[in-house]
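The sequence and the structure are shown first.

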Amino acid sequence: MTFAKLGLIDQLQRNLQTLGYDTPTAVQVQAIPAVLAGRDLMAAAQTGTGKTAAFALPLLQRLTMEGPQVTANCVRVLVLVPTRELAEQVHQSFAEYGMSLPLRTHVAYGGVSINPQMMKLRKGLDVLVATPGRLLDLHRQNAVRFEQLQTLVLDEADRMLDLGFARELNEVFAALPKRRQTLLFSATFSDEIRALAGVMLADPVRIEISPRNTTVKTIKQWLIPLDKKRKPELFLHLLKKHRWGQVLVFVKTRRGVDELVDILLAAGVRADAIHGDKPQPARLRALERFKAGEVQILVATDVAARGLDIDDLPLVVNFDLPIVAEDYIHRIGRTGRAGASGQAISLVCADEAPLLAAIEMLTKQNLQRIEERGFEADHRVPETNASGQLVKKPKKPKKPKAGSFRGPAR
Ligand code: AMP
């Protein structure tokens, strides 16, 4: 299959060539013709499947073919995303795919001044990528109007609901024209998402790229059972032993992120943090430094890492397991992108057994356990069975206590 056969115009094909995209991915093959034909879409596609291009390319094409016609403060295509990082990334994709097309695009999210966003909207926009909260702020101040809105895209819709955006979404929907095209993308399809699709979409084309709630097969996943207090020490040990290159590390809390970064910096490892307490410019800077290879280890929380697009990332480490099992799929989707192979290693302590069980149940797999010599757990991580249920109570083997790791004073 080629992009030409999918009906994309020459200009877009040339831009894709420049970016080195030779062949459309599965979600692109199915979505591009449907979106070009004006259909609604309900797509189960994880990050890494090429889903952004699957909606951005046909929408750019339709806007270009219709010609410039947007009036003051109006928006023709609205893309709603859960986080600032994803907003930046999706907008960047629109800019790259639409290079040299006569279209006006912009991005709007909270945590930064609203004024430049209002200025950009004055002449109207062909594409606005926004987080729901900031979009509503702009709408309340009459900076954005929807009477010319043709298409609404909900990207990572499951995540928007997880993050508690249901009320904001309803408020946005109420303000949009009833006649419009709606494209809904979600990594996983919960009952809540299906209910949302039921009211939002008209006779949608349904696309399911990977089987429901499974993780990408090219990613090698396993876990190392250990005691909680030894996690930093084990991480440093593995980093040295395997001579890891760049690693994206997920930690449960913002505080945990900062603590691990402190420990890594104290050990002379170039590390940076990305979490919601950091102002947006600092988050973007950390990401840019990581992408440029100036930072070896990027430590992130789930919310902040949502939508990070880092090419060819070989390794993701779950320093803590996520509280929400679906986040496991999002996290490990950062590696093994667009067909590349990757590894995802989870450091799991006894407390996390219920979280592990939930992940195994969701992904319908048992994660292989590989103990690291010298780091065997005093507090055994309870076994889980094939359907992700806990089968044994934790028991404490009688072993001499392993020395605990001392991080820098905090
Ligand atoms: P996404 O799932 O949209 O986050 O895209 C994942 C990654 O795949 C991004 O780095 C894209 O630039 C890349 N990508 C998307 N489509 C293609 C394609 N057809 N060929 C090669 N890379 C692609």
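In this predicted model, helix 14 (residues 325–332) and helix 15 (residues 353–363) have axes that come within 8 Å and cross at roughly 70 degrees. At that angle helix 14 is roughly perpendicular to helix 15. Helix 14 contributes Ala325, Glu326, Tyr328 and Ile329 to the contact, and these meet Ala358, Ile359, Leu362 and Thr363 of helix 15. By class, the residues of this contact are six nonpolar, one polar and one charged.

Seven strands make up an open sheet with parallel pairing, in the order 10-11-9-12-13-8-14. Strand 10 (271–274) and strand 14 (368–369) are at the edges with a single partner strand each, so one side of each has no neighbour in the sheet. Strand 14 is joined by two bridges to strand 8 (residues 219–225), and the two strands run parallel. Within this pairing, leucine 223 has arginine 369 of strand 14 as its bridge partner.

**Helices on the sheet**

Helix 11 (residues 254–266) lies across strand 9 (247–250), strand 10 and strand 11 (297–300), and runs at about 170 degrees to strand 10. Helix 14 also packs on the sheet, where it touches strand 8, strand 9, strand 12 (315–318) and strand 13 (342–348). The direction of helix 14 makes about 155 degrees with that of strand 12.

**Helix 12 and its surroundings**

Helix 4 (residues 84–97) packs with helix 12 at an angle of about 60 degrees, and their axes are 11 Å apart. Helix 4 is therefore oblique to helix 12, and the crossing of the two is right-handed. Arg84, Glu85 and Glu88 of helix 4 make the contact with Gln280, Arg283 and Leu284 of helix 12. The residues of this contact divide into one nonpolar, one polar and four charged.

Helix 12 spans residues 280–291 and includes alanine 282. Is alanine 282 buried or exposed? Its relative accessibility is 15%, and the limit for a buried residue is under 20%, so alanine 282 counts as buried. From alanine 282 to aspartate 272 the C-alpha to C-alpha distance is 10.0 Å, with a separation of 10 residues in sequence.

| Elements | Angle |
|---|---|
| Helix 14 and helix 15 | roughly 70 degrees |
| Helix 4 and helix 12 | about 60 degrees |
| Helix 11 and strand 10 | about 170 degrees |
| Helix 14 and strand 12 | about 155 degrees |

How values were computed. Residues numbered from 1 in each chain as written. Predicted model: local features only at pLDDT ≥ 70, side-chain atom pairs only at ≥ 80, totals over all residues. Heavy atoms only, no water. Helix = DSSP H or I, 4+ residues; strand = E, 2+ residues; numbered from the N terminus. Buried < 20%, exposed > 50% of the residue type's maximum accessible area, 1.4 Å probe, protein only. Axes fitted to C-alpha atoms, helices over the stretch in contact; angles between N-to-C directions. Parallel < 35°, antiparallel > 145°, perpendicular 65-115°, else oblique. Contact = heavy atoms within 4.5 Å. Nonpolar A, V, L, I, M, F, W, Y, C, P; charged D, E, K, R; others polar. Pairing = 2+ DSSP bridges. Left-handed = near helix turned anticlockwise from the far one by under 90°.
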